[in-house]
Amino acid sequence: MGNHSFKRSKDIEDLEMRITDASDAAEDIIESNARNQIRAKYELFRKMRSTLKNMVHINVKRDIPMIVEEFVFIEKELRNIKDDKVTEDERSEKSPTVSSPRLLPGGKNTMVGFDEHLIQIMSMLTTDESDRRIIPIVGMGGIGKTTLATNVYNNPFIVEKFEVRAWFVVSQECTGKEILLGLLHQVVTTGRNELEMNDDDELGEKLHKTLFGRRYLIVMDDIWDMKAWEMVNRFLPDNDNGSRILVTTRQLKLAADIGSCAPYKLNLLEKSQSWDLLREKIFAEGRCPVELEVIGRKIAKKCRGLPLALVVVGGLLAKSERDHWKYVEEDLTSSVNNQDDEFCMKILLLSYIHLPIYLKPCFLYFAMFPQDFDIKVSRLVRLWIAEGFIRHCKHKSLEEIGEEYLEALIDRNLILIGKRKIRGEVKTCHIHDLLSDLCRSEARKHNFLVFAKLHKTKVSSNMLSVRRLIINGGQWKKMKLRASRSAATTRSFVSFFSGNLSSYSARRFILLRVLDVVDRYPQHEILKLINSRYVACMGSLSMSSSISRLWSLQTLVVDEELTLPIEIWQMPQLRHVKAKSISLPDPPSDNAQKITVLKNLQTLSTVGEFKCSEEVIKRIPNVKKLGIVCPTVGSHRLSNLGFLHKLESLSLAFDGTLCRENMVFPSSLKKLCLSECKIPWEDMSIVGSLPNLEVLKLRLNAAVGLKWIPNEEEFVRLKFLLIELRELEIWEADSTHFPCLEELHLQTLNLKEIPSDFSEILPLQVIDLNLCSSSLLTSAKEISEERENLGYDALQIRYSSIGVLTILVKRGINLSVRDGRIRDPYVVIKMGEKRLKTRAVIRNVNPDWDEDFTIFVSDPCQPISLTVYDQYKFNLDDKMGDADFDIRPLVEVAKMNPNGLPNGTVSTIILPSISNCLAEESSLVWKDNRVMQDMRLRLKNIDCGEIELQLEWSDCFSYYKRS
């Protein structure tokens with residue numbers, strides 16, 4: 001049966017490749033013909049010879065019948081495979097398989113990092129609930145689901161607890177008879193009668209009778225689809241005696257659908273757990289020689305927490321000489337894949353094979369990205385759309401369907417989540433190194449894409465005939481290409497490295513759909529890419545009226561300035577236009593020509609001098625993300641924003657004096673970022689009343705005033721709040737004002753405390769402070785402590801800087817002279833990772849530096865060191881002594897904030913002692929509402945020398961205000 005199944009799988013794979021090739025060929029004919037017609041239309045008045053030179057010549061009479069003939073053949077092959085499947089199913093019913101727990105390579109089920117999982121699963125199996133319960137374990141291939149299930153299954157307590165136990169490994173090709181016979185074989189002695197039963201119901205009834213009234217544990221290992229579960233589930237009785245079914249699967253949705261409880265998800269191991277597992281697999285006693293630990297930890301880290309990889313590599317290293325460890329560390333994936341007949345890769349490959357046909361190209365597309373690359377989901381989905389991978393659906397946008405495709409890959413544990421947005425959507429994702437290697441292997445095998453690292457101008461033929469060309473290194477600048485029939489097959493040209501493009505030769509791929517490059521690209525070359533759907537490049541672009549030739553263009557992304565012509569309003573296929581600054585012309589007048597509505601446009605950001613006129617708004621009715629900078633009063637008409645009923649994200653900056661009474665936001669808004677709007681805090685209801693608002697960012701001068709008292713029943717869904725660079729000093733609010741708040745971010749504020757009642761906001765998880773006062777940090781910590789006293793979870797408090805330290809290095813006094821040579825001294829000051837350095841003063845033991853430095857301080861308790869060096873031109877610089885000093889007294893005095901004290905008022909005097917390096921007493925003095933400290937430091941580890949400094953401490957807000 002195995003040989004028949006393998007042959008059928010190979011036939012299906014070959015047929016899939018033929019279907020792909022045939023559809024690609026049909027696509028080439030259609031798009032080549034469309035391109036030729038567009039070129040002929042736009043170059044009607046040019047020399048016909050020039051036009052025909054760059055056309056793709058398609059023989060329609062010859063090529064179309066060939067394609068039709070190929071599709072007829074494919075249809076015939078599909079029928080044959082279907083008939084073979086029926087025959088194989090009949091054969092398999094006569095030769096059932098029996099299954100038992102399998103072990104990972106190496107001969108023992110290693111459980112490093114799984115102790116807590118073992119306890120949790122055993123607890124779920126032995127709870128007091130008497131009804132039959134299904135416990136699903138879910139995780140990516142090789143993460144240890146079977147290992148965990150095996151250790152649970154064989155645990156003595158579990159063996160004693162359950163009267164009957166049975167285990168079945170559910171393959172992707174299992175029939176109902178195979179599963180039922182496999183279970184029956186383990187719970188009762190099966191004879192010839194059972195083997196001859198052809199009816200699944202007969203076998204199922206026997207299994208049901210055998211299990212009825214008994215407490216049983218059934219393990220269904222590696223389930224792939226609901227069909228396999230439904231075959232068995234109806235024959236497993238609920239005996240009301242605590243029977244349990246343990247299921248392992250790679251698919252989160254399947255686990256959720258099957259389980260009686262939430263799926264138990266296994267995650268990748270932590271770094272320390274990875275090293276522990278690898279060490280156990282290599283060394284019998286778990287002790288690693290000191291000289292191998294550093295490289296061993298590096299190898300463990302490269303396994304990215306996947307137990308299967310760690311076990312396979314451990315088995316390899318256990319049999320290897322120590323010199324071989326370096327080779328494994330340098331090329332881990334090859335080492336893993338070459339072991340045990342590519343055992344690891346075959347396990348992972350099952351996940352790809354079982355994917356629906358429409359998800360396979362989406363998964364293979366991850367091969368395009370470099371390893372460890374954090375992929376932005378919005379970019380990925382737009383690329384999928386441009387490639388034509390996304391199926392249309394009446395009631396959903398292509399972007400929504402694309403996000404569902406990604407979720408399906410995540411649910412199948414093929415793709416890992418990087419970051420989530422505050423609203424729950426996946427923001428970034430990535431792929432495990434071993435799955436990335438699988439991806440690349442399958443992509444090459446199917447001619448899905450080619451990776452090129454070019455160092456010569458010569459181009460191989462396979463580079464010109466591939467659908468997607470990925471440049472990941474080398475000199476691409478001098479490469480020369482000619483328009484040819486083979487080059488016409490290339491649809492995507494992607495480069496992740498700057499400075500390696502040709503002299504803009506990507507245009508030679510004349511049917512190119514995707515151009516995504518980390519380099520500048522001239523507009524006249526882009527305008528030759530008539531078939532393009534996705535264009536992203538660096539620098540600025542000024543597009544001419546010829547942009548309308550790009551009849552399929554969906555996405556245009558530029559990282560600097562983008563100037564668009566009026567023809568942009570005649571391109572209804574546009575979906576996303578992004579740049580740092582977009583110059584957008586007024587649309588043509590209604591009388592000039594028929595109005596074209598850009599009904600597909602979802603992203604338009606960021607438009608400078610945006611005129612929010614009715615003429616503009618009615619042309620972009622479905623925009624979801626809008627970034628605009630409004631001009632002066634009288635031309636913005638912000639009330640028209642209220643007509644954008646699909647708008648979910650708005651970034652609004654302002655250049656002039658705002659007319660607030662005309663500002664209207666659509667109720668659909670979920671995210672709002674404001675800058676320079678100068679809304680008085682008492683008028684913030686215009687924002688707070690938005691019913692769906694979840695993210696609010698109040699950036700520079702978004703609001704004005706010293707005091708904010710929110711109104712009741714506002715900000716009812718707000719989850720994320722950022723307030724930046726405001727003069728806000730008093731904030732009076734309680735837990736009812738922001739009932740759903742999860743993250744509070746405060747930056748460069750004069751605010752002294754956070755409302756204490758925020759301790760009662762249950763969803764609150766994070767308070768992030770950046771360049772705020774130490775009193776605000778104290779307030780955040782008090783709120784966190786109060787939450788703990790109330791029995792809630794403590795907050796995650798993050799802060800970067802609580803104040804600004806200015807250090808004036810004045811002069812050196814009587815620095816040391818060695819061997820009669822006068823030195824060239826300079827000073828180095830260190831605080832944590834920060835390192836500041838003065839200039840060197842030539843041949844002077846009493847140097848005047850008078851240089852000041854600024855340090856943003858997050859922890860005033862961190863020691864600060866000062867070292868004097870002698871600068872050598874031809875040797876290492878020589879130390880001339882060192883000292884350290886403490887800024888905590890300075891910070892404590894600054895906290896008093898005694899405004900109004902006369903200049904020169906001495907607050908504190910610090911005397912020299914053995915615990916400090918002071919050469920004389922140091923005074924902390926108030927001057928212009930700032931606290932300063934003059935100090936003279938005595939250098940240590942040298943015979944003589946002193947350094948004079950002046951310190952000044954400011955809270956971040958005051959510092960920025962002065963700046």
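User: How many aromatic pairs does the structure hold?

Analyst: The structure holds 21 aromatic pairs; rings of Phe, Tyr and Trp (its six-membered ring) pair if their centres lie within 6.5 Å. Keep in mind that this is a predicted model, where local features need pLDDT of at least 70, side-chain atom pairs count only at pLDDT 80 or more, and totals for chains, interfaces and linings use all residues. Residues are numbered from 1 along each chain as its sequence is written, and side-chain values use heavy atoms, with hydrogens and water left out.

User: Why does Tyr-365 count as buried?

Analyst: Buried means under 20% relative accessible area, exposed over 50%, partly exposed in between (1.4 Å probe, protein chains only). Tyr-365 has 0% relative accessibility, so it counts as buried. Phe-389, at 10%, counts as buried too.

User: Why is the pair of Trp-708 and Trp-731 called stacked?

Analyst: The ring centres are 5.4 Å apart and the planes are at 5 degrees, so the pair is stacked. Trp-708 sits in strand 25 (residues 707-708) and Trp-731 in strand 27 (residues 730-731), 23 residues apart. Both are buried, and both belong to one aromatic cluster that also includes Trp-681 and Phe-715.

User: How do you know that the charged end of Arg-468 sits over the ring of Phe-448?

Analyst: To count, NZ of Lys or CZ of Arg must be within 6 Å of the ring centre and within 35 degrees of the ring normal. The charged end of Arg-468 is 4.2 Å from the centre of the Phe-448 ring and is listed as sitting over it. Lys-360 does likewise with Tyr-352, at 5.2 Å.

User: Why is Leu-762 called exposed?

Analyst: Its relative accessibility is 53%, so Leu-762 counts as exposed. Leu-762 is in the loop between strand 28 (743-749) and strand 29 (766-770).

Key. Helix = DSSP H or I, 4+ residues; strand = E, 2+ residues; numbered from the N terminus. Phe/Tyr/Trp six-rings, centres within 6.5 Å; stacked < 30°, edge-to-face > 60°.
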